[in-house]
Amino acid sequence: MSESMPPDPGYFLDNLRTTDPEVYEALAGELERQQDGIELIASENMVSQASLEALGSIIVNKTVEGRPGGRYYGGAEFADRIESLAIERAKALFGCGFANVQPHSGSQANQAVFLAVLKPGDTVLSMALDAGGHLSHGAAPNLTGKWFNPVRYGIDGDGFIDMDAVERLAREHRPKLIICGGSAYPRAIDFAHFRQIADSVGAVLLADMAHFAGLVAGGVHPTPLPHAHVTTATTYKNLRGARGGIILTDDPALARKLDSAVFPGVQGSVILNAVAAKAVCLGEALKPSFKVYAAQVLTNARVLAGALMARGITVVSGGTDTPLLVADLRPFGLTGAEASDSLEAAGLTCNKNTVPGDTQPPAVTSGLRFGSAAGTTRGFRETEFRHIGGWIADVLHAMAASGARDETVERIVCAEVRALCRSFPIYPGLDADAPAGAEMNRAAGS
């Protein structure tokens, strides 16, 4: 009889700094970066302390497949309770009959819709990338563009969706699926008109509200749910939860297809710690304070757009109805890649983005995308976003004047950004239940 192997005495006790100092140091650096810089990437936000705790909770050890009450693994009592909470909260928040909270991302949520309603080779009508569309809506490099037949609609000269073109293309190509929503389209969408077009050609209408779901939840943006056959969203961005996707519908038959398309169609076991964190953020979004937050996100985005335009920076469509806006840098002779690098050095993180009619490659682009959700979570209001718009303009004007990055301006702006951020600290209680968190806070000087 062989001797038993005693457990590693430190396995359940040692913190991250002791076990893996390299990962610890990288995380400590990321904490400092977030503390001292302003996040303007539209697909980012800051989760609550409660969401952090759920994401790092003991449920990470559990594996399940299937839906609550119909698992393929035992020991699922508490997993079922957590996922059921997330489902019921999603249904209550968005006023729908069915929700699937398992997708690992918005892209996988969209893939599940494709699998549920299409066959390979079917035609999909969706927004072009340079008009603000998303890769998972049929872009050529994506699986959805390789397996299906994408037809793209664009925007008019004012930066709004050309609904006449959508209607014409639908009649001409008879798509099986029409998608409204994107990743860089800043304006409200006429969901009722899209549904009318979809019905006229027998298409399923998918509304991807990943970039405005929080505003819908907060009641400050039109909801697509009464019009779309199926709606997808992400739980991060302006819902300010952990990363992941959700699928919503009111059609029982379609709901069954969507459930099967998620599992076993496009993914296997559930990431339960992510679902737990989704449940937390959905619960937070049901509170009255979230409506105040959502309204401020929209106000701040519009203030930022106005501040940029006041300094001579072109904003696509002349404003925004969502948490995001896109700046066209072609009048400045700048690319998105060089401008985003300079702004990051100044403590302002954003992302390069294509603009309508862009001739630059995707790795370069002619624009920048900004978002207001993370700054609003931090506590920034109109005054702070006017300052942010001014700092962005200072950096871009300096680049345009010299034809290169201006490190002096970058340093000046960076110091002002850091001073503002120190007045709006984040995660002051990060060390409450995590020994490594306490050390990271000390290392970052908080």
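1. Basis. In this predicted model, local features need a pLDDT of at least 70 and side-chain atom pairs count only at pLDDT 80 or more, while totals for chains, interfaces and linings use all residues. Residues are numbered from 1 along each chain as its sequence is written, and side-chain values use heavy atoms, with hydrogens and water left out.

2. Confidence. pLDDT is the predictor's confidence in each residue, from 0 to 100. The protein averages a pLDDT of 93, and 95% of the residues score at least 70. Over residues 431-446, pLDDT stays under 50. For that stretch the model has 27 contacts beyond four places in sequence, where contact means heavy atoms within 4.5 Å. Where pLDDT is low, the predicted coordinates should not be read in detail.

3. Helices (H or I, at least four residues) and strands (E, at least two) are DSSP runs, numbered from the N terminus. Two packed helices are described by the angle between their axes and the distance between the axes. The axes of H7 (163-173) and H8 (residues 191-201) come within 9 Å and cross at roughly 15 degrees. Axes here are lines fitted to C-alpha atoms, for helices over the stretch in contact, and angles run from 0 to 180 degrees between N-to-C directions. H7 and H8 are therefore roughly parallel to each other; angles under 35 degrees count as roughly parallel, over 145 as roughly antiparallel, 65 to 115 as roughly perpendicular and the rest as oblique. H7 passes H8 in a right-handed crossing. A crossing is right-handed if the near helix is turned clockwise from the far one by less than a right angle, and left-handed if anticlockwise.

4. Residues between H7 and H8. On the H7 side, the contact involves Met-163, Val-166, Glu-167, Ala-170 and Arg-171. On the H8 side, His-193, Phe-194, Ile-197 and Val-201 take part. By class, this contact has six nonpolar, one polar and two charged residues. Ala, Val, Leu, Ile, Met, Phe, Trp, Tyr, Cys and Pro count as nonpolar, Asp, Glu, Lys and Arg as charged, and the others, Gly among them, as polar.

5. Helices H5 and H10. The axes of H5 (residues 106-117) and H10 (residues 252-266) come within 8 Å and cross at roughly 115 degrees. This crossing, too, is right-handed. The residues involved include Ala-112, Leu-115 and Ala-116 of H5, and Leu-258, Ala-261 and Val-262 of H10. The contact of H5 with H10 divides into ten nonpolar, three polar and one charged residue.

6. Backbone points to check. Most residues other than glycine have a negative phi, and most peptide bonds are trans. A cis peptide bond joins Phe-263 and Pro-264, with omega about 10 degrees, and Pro-264 lies in helix H10. Lys-237 is not a glycine, yet its phi is positive, near 50 degrees. Lys-237 sits in the loop between strand E9 (230-234) and strand E10 (245-249). At 6% relative accessibility, Lys-237 counts as buried; buried means under 20% relative accessible area, exposed over 50%, and partly exposed in between (1.4 Å probe, protein chains only). Thr-365 also has a positive phi, of about 65 degrees, without being a glycine. Thr-365 is in the loop between strand E14 (351-353) and strand E15 (367-371), and counts as buried at 2% relative accessibility.

7. Two buried strand residues. Leu-248 is in strand E10 and is buried, with a relative accessible area of 1%. Beyond four places in sequence, its contacts include Ala-90, Phe-94, Phe-98 and Met-209. Leu-248 and Asn-100 are 148 residues apart in sequence and 6.7 Å apart in space, C-alpha to C-alpha. Thr-349 lies in strand E13 (residues 348-349) and is buried at 12% relative accessible area. Thr-349 touches Arg-33, Ile-38, Glu-39, Leu-40 and Ile-41, not counting residues up to four places away in sequence.

8. Asp-341, in helix H13 (residues 336-345), counts as partly exposed at 41% relative accessibility. Gly-157 is in the loop between strand E6 (149-153) and helix H7, and is exposed, with a relative accessible area of 82%.
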